[in-house]
Structures are given as structure tokens and as C-alpha cells.
Amino acid sequence: MEALIHQIVAKYNYWLYIILMMIGLYAMIAKNNLIKKLVGMNIFQTAIILFYVSIGVKKGATIPILEEHGAGMGEHAVRVADYINPLPHVLMLTAIVVSVSTFGVALALAVKIYQQYKTLEEDEILMRLREK
Amino acid sequence: MEVVHSIRPLLAVLVSLCAVPLIASSRKANIREMWTFAAAIVKFLIVVSMLPAVLRGSQFSYTLFEFLPGASIEFKVDALGMLFALVASSLWIITSAYSVGYMRGLNEHGQSRYFCFFALALSATIGVAFSANLLTLYLFYEMLSLATYPLVTHHQDQEARQSGRKYLTYILGTSIGLVLPAMLIVYHLSGSLEFSAHGLLAGTSSKGLTTLLLLMFLFGFAKAAVMPFHAWLPAAMVAPTPVSALLHAVAVVKVGVFSIVRVLTGIFGVEILSSFHLGTVVCYIAAFTILVGSLIALSQDELKRRLAFSTISQLSYIVLGVALLSPKGMEGGIVHIAMHAFGKITLFFCAGAIFVGTGKKYISELVGIGRRMPITMAAFFVGALSVIGLPPTGGFFSKWYLVLGTLQANQWPMLVVLLLSSLLNAAYFLPIVYRAFFCTDAEALFENKVQEGPFWCVAPLVLTAVLSLFLFFYPDIFFRLTEMAIGM
Amino acid sequence: MSQHYPVLLVTVPLLSAFIISGLSWVKKSLCYPLALLALGTSVFCAIGLLLRVLDAGAVEYHLGGWVPPWGIAYRVDLLNGLVLVVVSSVAFVNLFATHKTVQKDFPEKMGIFYTLYVLFATGLMGITVTGDVFNLYVLLEIASLTAYALIALGKPDRAPLASLNYVFIGTIGACFYLLGIGYLYIMTGSLNMADIASLLPPIYHSKAVLVAFIFCMVGVLIKMGFFPLHVWLPNAYSCAPEPSSSLIAPLMTKVMVYVMIRLIFSVFLPDFSFHVLHIDHALVWLACLAIIMGSLLALAQKNIKRTLTYIIVSEIGYMVGGVWLGNRLGMSGAILHILNDAIMTLCLFLAVGNIAYRLKGLELQDLKGLFRKMPVTMAGFVAGGLSVIGIPPTCGFFSKWYLISGAIQAGQYGFMAALLFSSLVNVVLFFRIIEIAYFEPMESLHGAASGHGIRQEAPLSMLVPLLFVAISLVVVGIYSGTIVNHLIIPVLPKGIG
């Protein structure tokens, strides 16, 4: 029991992202309203972004901005353990952009669907499609 | 044995392919027919030009594309291929003349398409005849299946549609489902697909696997109409008669049976077949088809269907002959490819001439027709004699050798089968001729006025009947080629 | 100049897309020529690159001069050299062939269409050329987003919904892939493919690497349309307008098969994929299921485009099964099939595009008598159909040869049976269409002696590409042996039997 709680507490970032991901997946599958599905998709992607950011963390480290003066940069080595890993953050900037663009495309599609069917509920749309 | 590298085999195949655009684009019917004849004659001449060298013992070879080692698109002209090619190309000239008479006589539609696909089908047939390995044979086999589909379904009505469906189901279904995997397994076992003198599979596979492969090939080449994959043949009789005549008496069915002969001799080889006693297995399968085919033929009233079942039965003679694995038997089987072709095509030509001249399709309607079309029915009689196997026609020799072959191979049941089926053949052919000529005035359905079919229909059938007779007196070329084919 | 080919391939279309987007406000008629120019440059670069790789071996290009693993590297070997040529040529030919349809169906959106088109091609070529796993994700999303938009340009009642469905499922797939490479990054600290491959072997048996593999594979399989993760495919491809579907259908799924092969070859080396994990048998059985279900579902369709989309699902099964057979023959068959399937699918979709240009509907019953009305288009369609069935000498036969031989060698007779079954079902599918197009009621025949009066063929700019693709089906088929020996066998890694 102790070991199990220790496991959960030590890797809480994993558990968190998994829970968020499952919430997002649930919303995408189970919700009827298209906008709610979209929000679920966004939660899904955000969970992964959170995950990536969380893996860059180091105990007792500070933000990865080097304070020294411009010209002498790179002459002495930097103590890596003092700064959290900036690379996942950089990667996730790209992923956030992707997520936002996907959300934008999906919203545009939802608008088009609304113009055509005057509703955003998926079951009503499918019913109308079947009637045709 | 000398191997000559020459492009002539490829040219023989390509002649009719090149004629297709010319035929398709001709505005006037006479020009179109001229291109067909030109292609047929040139093809025949190319094939004949290679004959002397082949008779002397050399082989022509030409490789087009190398795909994998042992599997390439390659042509080889040996005695067996030469025999088939001679039959097919000579009969194409005659059939083209007959087609002209038939199609114009009935004012059929879509004649350009007909002649184009006919040329394509002949290209594929010569391709099969000159294949050096199983891959090339498979390629041209499939090309033939596809090229004959528009010909079989020429009339484009509901019946043609159903028959076309049956045709494709049997022929493409078996070639893709049975021949293709068998071919690939052979390649996997032996690393090559070349037809070689002693077979490829020697020592590489077990009895069970060899039997399985043999059955896959035997039934996979459904064009040979070995029962139970024979049903496409009667269905294909819905095609115009020249199509039935050339393709289903000569080209398509002979391609099927030729492929089986090639596979039995070139891929399996006589040694492995006799050591595993597989010859007997094939003999019994062929015997079944022979007998059942003849029995069903007896019950058919439509003339073309009776001829179709007769063909199914006769094709298995060829398979039986080769499966006997004795020299006389194999000779009989292989030379029957030629003898049966001339005899059967005469019969189909007669059926078509009767249809063009009188519109009759059923045997019961043909009482007394000898009064109206004596030449046609005389030719029919000669053709029937050839198929039954009686002198003075060429068919006699193939039957004779087959009978000797059964004795040589100690297969007494097969002897009984052969004699029985000859009786059945006589039973379903001779009454037609008898009723045509010898009947009372009251029974006759035709007047006593002679009115044959169109000239271009009658001349070819007389020619093929005469050739059947000719082959009795001068069968040497075909026998020489057959002996060389076996001796290899 | 030629050392910049890898990056020119991607940046020229990328920048042109922006220019086209701007031009669409100012002078619409320039959009199409500029798109042609951009994709033409890509074709040229791709062919140049392939020749260079054939000559001198794999080409590496460091973006911005940064050395990997700190920088992004583009790496072109024979595998992606071949796929690059396929992608760029198919996009180029299709651009040419569909111009008339675009002018007819949505002329006011022409600028937008060509922008998206060129961006999609950029995305796909970037996926193929990159040697960095995260860069692959970015370009994958570029390709996917433009695909969603291209699909949504179809009929307003169906296309946006089909596209939205594709958005949801496609995003899940891409996110799984992102997650997978996240785990890889945790374990190796690198994003460069070659670097990861050198760092992974000591940690093959860790759970995290296994999870990374599973997430990457499932994500790629979703994007590929592998049964049963294919549910987005039929709707998306059949509701899309013809110019879009004949671009996306031949390419998107095949490039994802390439990604799977690249992951197996160069990231998780064959040692891991085949010898540490023992999932190859399971995946071959799943592939058999995909092939059979794809064929059966295709039989049930009444619309010609939907039939073709289910055939794509079946073909993906061929490729996935071929890869996971685990021997050289199967792998060669799968890679050859990437090339062949792209050409066959393009041929079929171009023919359908021609038919849609002249006819109102694409239900099977609408195709009556098409052999008389559009003989050249139907000839192209028949050529594509014969290749899908697997009749020599078309290219489809030769990839089937390798796949079946690989199955025999690996003892996977179930896979061989599934391949033969699907060939037979394809015979039924295509001859059903050919029958409807060929057989007409007798009345209309006897009147027309020559039949030239009712011919209503598609315009020449649509026929010529179709014929070109149909002829290349046969040419590629005949040269299969050369292609396999020179382009495919050298790239197979040593871990495969």
C-alpha cells in the first residue's frame, strides 16, 4: 500500500496527464454537442502539452534564462542541473500552435455545419442526413 | 540442340497487337477486314519461317524483360509450341474469312470492336504457345481471358451478361485463386519457373505437396474445362459462332490444355510424376470428364451446346494422353491438339453456316437439312468422323495412338473409357448427319432446293473439312513435331 | 545548388503557398501557374536527389547549419528518395489533371484551393525528407490540417461533417504519435532519428520504450487508416471534391506507411521491432483482417468512390502485413506497393474525376453505357482496375508477387489466402462496374452504327494525365525487377531475414 501511494505521488504528473487525456477523450466520444467535442479535443491535446512541460522539471532548478552579459556567452560552461530543461517548452510552443490551428479549423467546420443544419447536436445532424 | 536468339517469336506475338489500332481506326469495313487478313497472314508466315529450323532440332529464344532470376518475360519456340502456334495461326486466317461472312450475313453491330479483340486474343494465344516459362505463360493466359470477354459478351444482352459473368468467375477465379499461388510455391521451392526438360520439382518437394500443386494447376487452368470447372464453356456458346469456333474450339480451350501439358512436362516432369504415381490420378480425373462430358452431350438439343460438351470431353483426351506418361499416349494426346482443332472448327463453322442460312439452332429442327445445304452437311460429316476418330480423317491417328498409349502404360480402365467415349461420340454426332440426309419427304422440314449459306461461310468450312482429310494422308509435320516434343 | 535540394523541396512550395494566397486577392489567374511551377520544382529536386542518392549514398542536410542532435537534419536515403519522387510526381500530375474540374466546381475558391494544395504537398514532402521525429510531427500536422480543409471544400451537406470527423480522429492519432516521441525523448534525450537509434539499444527492455513504440505505432496506424482504425477514411475521401480526393487518397495513407517503415528501420531498429517484441505475427493477422474486411465492405457499396476508398483500406492491409512479415521479400513487396498503390489509386481517382466532370451522380447505376460515352476514361479505369486485381504486366501483379512470396517464405499462409481472397473480390468489384458501363439496352445499339454521336469524353487536359498514369502502371510493372534490385533491396537493414 505504501509503495503504491509512493508510486502515485512520485509520478503525479503522469497520472495527471492521463486523467486529463481521458477526460478529453470521453468528451470527444460521449458528448453530443460538436463544440463540447471540440473542447474535449483541446483538453486532450493540452494534457499532452502539460506532460511534456512537466518532464523538463528538475529539483531546485530555476528558469532557463542565463543572466550574464551578452558577449562572454558560452565561454564558461553552464551548470546544467541549475536550469530546467528548456527544450520541451520550445517543442510545446510548436505543439500549442498546432493545437490552436486545429481548433480554429475545427471551429470553422462547425460554423459551416451550423449554417447547413442550423444545429450543433450530432444526433440531430445524423437524423437529418438519414432523411435525405 | 542449337538455340537461336531471334526476335521472331516476339514479332509473331506483336503482329496482331500492332494491327489493333489499324483495325480500330479503319473507316471502311473492307479496309478493316484487309488489316485483319494482313495481320493473320503475316503471323502465319512468321510462324512458318521458324518451322524448318525447329524441325531440324533448334529452338528460338528471346528474352524481353528479366524480372527475377528464373522468372522473366521470355519466349522460346520449341516443337510443342510450334505445333500449337501452327494450328492457331493457320486457323486464324480461315476464321477471319468465316467471320466476315458471318458478321456481314447477320449484320452484326460492333464489328470493329470484334475484330480488334479477336486480334488481341490471337496475340495472347501465340504468346502462350511461345512462352519459355510459367510467368510468361501466366501473363498471356490472363491477357487471353480479358481479351475474350468482350467477344463472349458481344451481343450485350442479358444472356450475354450472365454468361460473361460465369466465364470470368470460372476463368479468372481459378487462375488467380489456384494458378498464381501454385506458381509462387513452385518458384519458392525451385528458384525458377523455366520449362525445362526434366521438370523443376525433382527432389525439392514431398509427395503431398507435389500432388497438391498438380491438382492446383490441373483445376487452375480452367480453360482446359476439366470437370468440375467446365461450366463456362457451354455458357460461352452465347457468343457469335466464329468466336465459338476459333476460341472455344481452338484458341482458348487449347491454351488451357496446352498450359497443362507444359506444366506436366516442363515443371513436374515425367520422372517425378511416375515416381509419385500422379499420372494415374490425372488419368482418372480426365476419364471422368471424358465420360460425363459425352453423356451430357447426348442430352443437348441445341447444336452449339452439344458441340461444347463434346469439346469438354475431347479436351480431356489430351490431358489423359499426357497423363498416361507413355510415349504413344503422350504422342496421341499432343497430336490431338491439332487433329481435334481442325475437326471441331469444321463442326462449329457448319453450325454457324446453318444459323446464318436458316436461323435454326436446335438439332430437332435440322431434319432434312441435307437437302438444302448438302455441302455444309457433308463437311459436318467429315468433321464428325474426325472427332469420333474414324478414318479417313486425321482424328483417327490421335485416337489410335491414345489407345496404343493406354496399352503401353498398362492402364486397361483407360482403354475402356476411350472405346466407350468413341461410341458415345458416334451416338451424338452420326444421328444428326443421318437425319439431315436420310429422311422421308413427310418428315423433312426443308424443301429440296439447294441454298447454302454465304460464300464466305461455306468456303472456310469446306477448307477445314478438306484439311481434316488431308491430315489423314499427310500427318507427318505434326507427328514429327510431337515426337520431338516428347523426346525432349 | 544541388546540395540544397532537400530543403528546396520543402521551402519552395511553402513560400509559393503564401504567394499564391496573396495572389488570390489580386490576380486569380496566376495562382494555378505558380502552383505548377512550385510543384514542378519539387519534382525536379526529388528526381535530382534520388539520382544523387543512387550515385553517392545517403544525403544529409543540416538545417541552418546546426549539427544534429542539436539541429534538425534532413536525411535522404533510397527509401525516402523513392517516396519523394512518388509524392511530388503524383501531386504534380494531379494538379495538372484537376484544373478544369476546379474551374468548373468552385472557381471562386481557386486561390484558396491551390494554396492548400501546395501546402499539403509541402507537408507530405517534409514528412518524407525529415530525419527528426518532432519535425515529422509538425509537418504531419501541416499536411493533416490542409487535408481537413481540402476535404471540407466539397458539398456543404456532407463534406464539413466528414472533415470534422476526420479532424477528431486524426488529431487523436497525431497526439498519440506526439506522446510516443515524448517518451522517446524522456528515455534518450534526443529527437534526431539516427541519434535515438544509437541510444536505444541498451534500454530496449524498458517499459517506457515499449510504451513509446506502442503510442507511435497506434498513432501512425490511425493516420494510415488501418482497420479497425479506418472509420474516418470512407466518409472523408468520398465526400471530398474530386480534385482533393485524387490528391489525398493516393498519398496521405502511403506516406504514413512510409513513416511506419522509417520508425521500424531507423528509429526502433529491426532488432527491437522484430526480435525483442514479438508482435509481428499478431500484426500480420490484423493485416489479414484489414484486407478481408476492406474487400467485403467494398462489395457492399453502391457508390463508385466509396468502393475505391474501401479498396484503399484493403491495400493498406497489404502493406502493413508485408512489412510485419519480417523477411526481405515481404518488406520489398510492401515498399514496392507504396509506389504501385500510389499510381493505381491516382489512376482510378483521376478516372472517377473525369466521370464526375461529365455525369451528375457517381452511384453505380449512373454509370450505364459509359464505355460508349467515355471510352478513353473507361480504358484508364480498366487499366487501374486490372492493376488492383493483380493482372500482369501491370504493377499491381508484381507487388502481389513479392507479398505472396514473402508470405510463403514466412509460413504465413493466412496472409497469402487473404491476398488471394482480396484479388478475387476485386475482380467482382471491378467487373461489376465494367458490366454496368458496358452493357446497354439493345434499343440504343442498333440505331447507332458507329456510336461516335453520343461520345462525350472529358477534356484533353484531363485525359492526357490519365493515360500517362495508366501507361506508367505497365511501365513500372515491367521495370519492377530493376526497381526492387536497385532502389529497395539496398535500403533494407540487416536485421531483416
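Chain B and chain C bury about 3100 Å² between them, with 77% of that area on carbon and sulfur atoms. On the chain B side, Phe67(B), Gln156(B) and Leu184(B) lose the most area to chain C, together 23% of what that side buries. Keep in mind as you read that this is a predicted model.

Let's stay with this interface for a moment. Here is how it tallies up:

| Feature of the B–C interface | Value |
|---|---|
| Residues of chain B in contact with chain C | 34 residues |
| Residues of chain C in contact with chain B | 31 residues |
| Salt bridges | two |
| Residue pairs in polar contact (both at pLDDT 80 or more) | five |

One of the salt bridges joins the side chains of Arg161(B) and Glu435(C), at 3.1 Å from N to O. Which parts of chain B supply the side that touches chain C? Strand S2 (59-68), helix H6 (134-152) and helix H7 (158-190) of chain B each give at least two residues. The largest share comes from H7(B), with 15 residues. Sorted by class, that side of chain B has 21 nonpolar, seven polar and six charged residues.

Now for the wider assembly. Two pairs of chains are in contact, and chains A and C share the most contacts. Chain A and chain B, on the other hand, are joined by no contact, and their closest C-alpha atoms are 33 Å apart.

Chain A has a helix to look at too. H3 (residues 34-54) of chain A has 21 residues and spans 30 Å from first to last C-alpha, close to the 30 Å expected at 1.5 Å a residue. Where H3(A) starts, a side-chain oxygen of Asn33(A) comes within 2.8 Å of the backbone nitrogen of Ile35(A).

How values were computed. Residues numbered from 1 in each chain as written. Chains lettered and ligands numbered in written order. Predicted model: local features only at pLDDT ≥ 70, side-chain atom pairs only at ≥ 80, totals over all residues. Heavy atoms only, no water. Contact = heavy atoms within 4.5 Å. Helix = DSSP H or I, 4+ residues; strand = E, 2+ residues; numbered from the N terminus. Expected span 1.5 Å × (residues − 1). Polar contact = N/O pair within 3.5 Å; in protein donor to acceptor, adjacent residues only side chain to side chain. Buried area = accessible area lost by both parts, 1.4 Å probe. Salt bridge = Lys/Arg side-chain N within 4 Å of Asp/Glu carboxyl O. Nonpolar A, V, L, I, M, F, W, Y, C, P; charged D, E, K, R; others polar.
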